[in-house]
Amino acid sequence: MTQLSSTDTDTSAEAEPQPDERREAWAARLADSLGNGYAEHHIIGGSDLWVRVARDSWTDAATAARDLLGCQFFDWLSAIDWLPSPFGRDMDAQEDNPEPKAADPMEQGHAGGETRFQMVMRLYSITEHMGLTIKADLPDGDLSIDTLIGVYPGADWHEREAWEMFGIHFNNHPDLRNIYLPGEFEGNPLRKDFPLLARRVKPWPGIVDVELFPGEEDS
Amino acid sequence: MTAVGTDQRQQLAYVATQAADARLNVEIETEGMTLNIGPQHPATHGTLRLVARLDGEQVVEAEPIMGYLHRGYEKLADVRTYPQVTTLINRIDWLGSFANEVPFILAAEQLMEVEAPPRAAWIRTILFELSRLANISLFLGDMGMQLGAITPVFFAFRDREFVLNQIEAVTGGRFHPNFDRIGGLKDDLPKGWIDETRGVMVKMRNFCDELEDLLLGNEIFEARTRGVGVIPADVALSYGLSGANLRASGVDWDMRRDNPCGLVHDQLDWKVWTHPDGDSFARYWVRLQETREATHMIEQMLDGLPGGPVMAKVPVIIKVPAGEAYVATENPLGVMGYYVVSKGDLGPFRVKIRSASFNNISVTPWVMRGVYVPDVITILASLYFILGDIDR
Amino acid sequence: MGLVASGKAPKPLTKLLNLGRKYSIWMYQWGLACCAIEMGAVIGSPRYDVMRLGVIPFPASPRQADLVVISGTVTDKMVPSILRLYQQMPDPKYVISMGSCANCGGPYWDSYSVTKGVDQVIPVDVYVPGCPPRPEALLEGIVLLQERISNEDPAARWRGDPIVVD
């Protein structure tokens with residue numbers, strides 16, 4: 001069992017942020033084509049590219065990515081709810097039914113953002129072997145965005161899923177109805193304020209029973 | 001059979017679908033009929049329901065209805081720790097369970113800036129390819145069953161057991177290994193395993209040969225699959241088809257070769273198989289070749305397995321630093337990826353699961369316009385989906 | 001049949017009838033998730049071969065089946081179909097719940113869309129634990145069911161009385 005803890009793999013070395021010219025070029029070309037609709041981007045060198053666009057430029061961004069960058073492959077589309085869960089992380093709960101905490105400040109991820117809900121789509125270029133993630137902010141009062149079906153027909157089901165899970169409306173989507181849940185289901189499960197009732201009734205036992213590796217001291 | 005060039009064959013396939021489209025517009029008054037297949041039907045191997053509106057023997061419109069197996073993975077991942085999430089995601093594509101863990105673990109490792117030691121990466125890749133064998137061998141048999149040939153499925157269940165035995169010997173689980181850890185693997189290989197696996201690889205190649213003899217030369221099989229369900233490359237890409245479904249449409253793209261991220265496929269000598277036709281036959285053919293290629297890959301990896309530890313140094317209680325990462329790998333069913341958003345907690349803040357079958361099956365309404373009812377079964381079988389992978 | 005249903009059948013006859021029923025179970029497979037593949041291995045794999053226990057898989061319809069194996073995750077969307085299936089089966093009918101999901105919700109115990117156990121909807125005779133259970137476990141479950149059949153009073157089953165477990 002000694003091999004479980006090796007000494008020769010040193011992972012603490014700080015990786016310098018390396019410049020990534022290909023991804024910089026992609027971001028620049030998107031920014032040129034979208035003009036004011038382009039908000040900002042974030043690059044992790046040699047790894048990935050995030051771009052945030054305005055809500056009105058959502059379909060334009062997809063078209064530009066397909067035609068200018070060669071991202072023919074439609075990977076997926078979804079949304080993120082940045083609201084910190086009002087129920088806390090249930091598994092950390094030591095008491096039965098923890099009182100809802102005061103909401104932590106919302107903190108958006110890479111490429112920033114201002115709103116609670118963000119659309120995310122992932123596109124990939126099979127010739128360049130590079131992908132990018134495009135995000136767009138959705139204002140709380142008006143959770144709607146244009147559909148991508150005209151650009152990528154495969155977006156159809158993904159948008160139905162996002163509509164069901166987050167309650168985001170897709171303008172001009174021909175067939176927006178439930179994809180997973182039965183019709184009488186109420187609520188949007190992937191919103192952070194949707195409670196998992198089974199957990200409210202029967203609490204998670206907590207993290208007390210974490211098993212330690214052999215020979216490891218309890219800190 | 002007369003020899004037909006690939007270009008010509010593809011052209012013929014197109015003509016066939018065009019003609020099917022045209023026939024729909026013929027002015028014959030027939031009573032429309034709605035055919036409901038599923039939600040429990042052998043042909044959908046799982047709980048997919050297909051509602052097809054028919055005109056005579058032809059499908060005017062087919063719509064898959066899923067959600068009969070929706071378990072809410074993305075929500076459950078919000079309230080679980082990283083090790084608990086790996087237990088869950090085993091069950092997405094239950095035929096190739098180990099392969100489900102790999103992209104998630106790689107994404108978490110990317111966020112933690114941990115790298116698995118070389119031996120762990122190699123064993124990971126071996127198990128990754130073994131789960132491909134376990135998964136696709138069942139498809140190879142099942143496709144025959146959908147078309148009326150019972151024997152292949154018994155062969156598949158017979159020979160698949162050998163692969164499952166090998167997976168079980170390493171991980172302790174036939175189906176759901178839960179063996180991958182952030183920073184490496186739970187354990188090393190057991191004694192004698194490498195030699196046994198070599199024997200199993202020979203068995204699997206024999207299995208492929210048997211099926212090739214049984215099905216590929218079979219006139220009925222060819223008649224039922226050639227030119228049925230043609231998906232051109234551009235359509236396949238815009239629907240996000242991946243894996244063998246995409247390569248059967250002539251797109252030469254494989255994540256294992258082009259974007260290896262953490263696995264060792266780039267150090268092996270192997271070939272990406274493509275087929276220009278894009279029909280059901282091509283999809284079967286590509287998968288058969290891939291199975292064979294996987295056995296060769298595993299043999300190479302068994303030969304070149306490096307020594308050393310199988311686990312990097314990671315803390316006991318894993319907290320992943322804040323950030324976002326998307327890692328996708330070429331799983332048995334196609335590209336599977338996890339978009340992990342972390343806020344520095346014990347568990348992820350949001351996990352978006354990109355499962356291959358969801359995209360693969362979303363093309364069915366497009367491809368099923370104008371086909372005959374028996375072809376519905378062929379197309380569904382050849383697109384090859386796992387319900388857990390669609391519904392998540 | 002009138003004799004059996006009225007409960008007046010003599011004991012040796014009951015024993016004989018039970019012996020016959022025990023070794024000719026038509027098994028309807030309701031495969032939902034991972035467990036369906038293990039059930040497939042029980043049916044289709046020469047290594048496990050359920051027919052040697054006198055179980056006949058693949059009936060054409062639930063109306064011909066004695067036993068249904070619910071194997072896999074039962075979701076709220078699936079429940080109406082399962083109920084309908086169960087109502088279509090003729091008495092006496094038996095249910096095996098295979099796998100943790102069908103027993104109690106399993107790893108999805110806190111999910112918003114999974115039914116926490118198929119026994120909330122239909123009565124279950126044998127629970128097979130595991131995630132997924134090995135094929136041998138399902139065979140064991142079938143053997144347990146056969147034991148139950150050989151010791152039971154057919155009249156109660158025919159009348160559709162609620163099952164009481166001692």
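1. A salt bridge is taken here as a side-chain nitrogen of Lys or Arg within 4 Å of a carboxyl oxygen of Asp or Glu. In this predicted model, A:Arg160 and B:Glu63 form such a pair, with their closest N and O atoms 3.9 Å apart. Because the cut-off is 4 Å, the 3.9 Å separation qualifies. The interface of chain A and chain B holds 7 salt bridges by this rule.

2. On the contact of chain A with chain B, 63 residues of chain A meet 62 residues of chain B. The two chains bury about 5300 Å² between them, and 60% of that area lies on carbon and sulfur atoms.

3. Polar contacts between chain A and chain B involve 22 residue pairs, both members being at pLDDT 80 or more. On the side of chain A that touches chain B, elements supplying at least two residues each include strand E2 (48-53) and helix H3 (155-166). The largest share, 9 residues, is that of E3(A). By class, this side of chain A comprises 31 nonpolar, 14 polar and 18 charged residues.

4. The contact between chain C and chain B draws 32 residues from chain C and 33 residues from chain B. C:Ile37, C:Lys77 and C:Tyr108 account for 21% of the area that chain C buries against chain B, more than any other three residues. Together the two chains bury about 2700 Å², with 59% on carbon and sulfur atoms.

5. Chain C and chain B share 4 salt bridges. In one of them, C:Arg134 meets B:Glu168 at 2.6 Å, N to O. Strand E1 (25-31) and helix H3 (34-44) of chain C each give at least two residues to the side touching chain B, and H3(C) provides the largest share, 6 residues.

Conventions: Residues numbered from 1 in each chain as written. Chains lettered and ligands numbered in written order. Predicted model: local features only at pLDDT ≥ 70, side-chain atom pairs only at ≥ 80, totals over all residues. Heavy atoms only, no water. Contact = heavy atoms within 4.5 Å. Buried area = accessible area lost by both parts, 1.4 Å probe. Helix = DSSP H or I, 4+ residues; strand = E, 2+ residues; numbered from the N terminus. Polar contact = N/O pair within 3.5 Å; in protein donor to acceptor, adjacent residues only side chain to side chain. Nonpolar A, V, L, I, M, F, W, Y, C, P; charged D, E, K, R; others polar.
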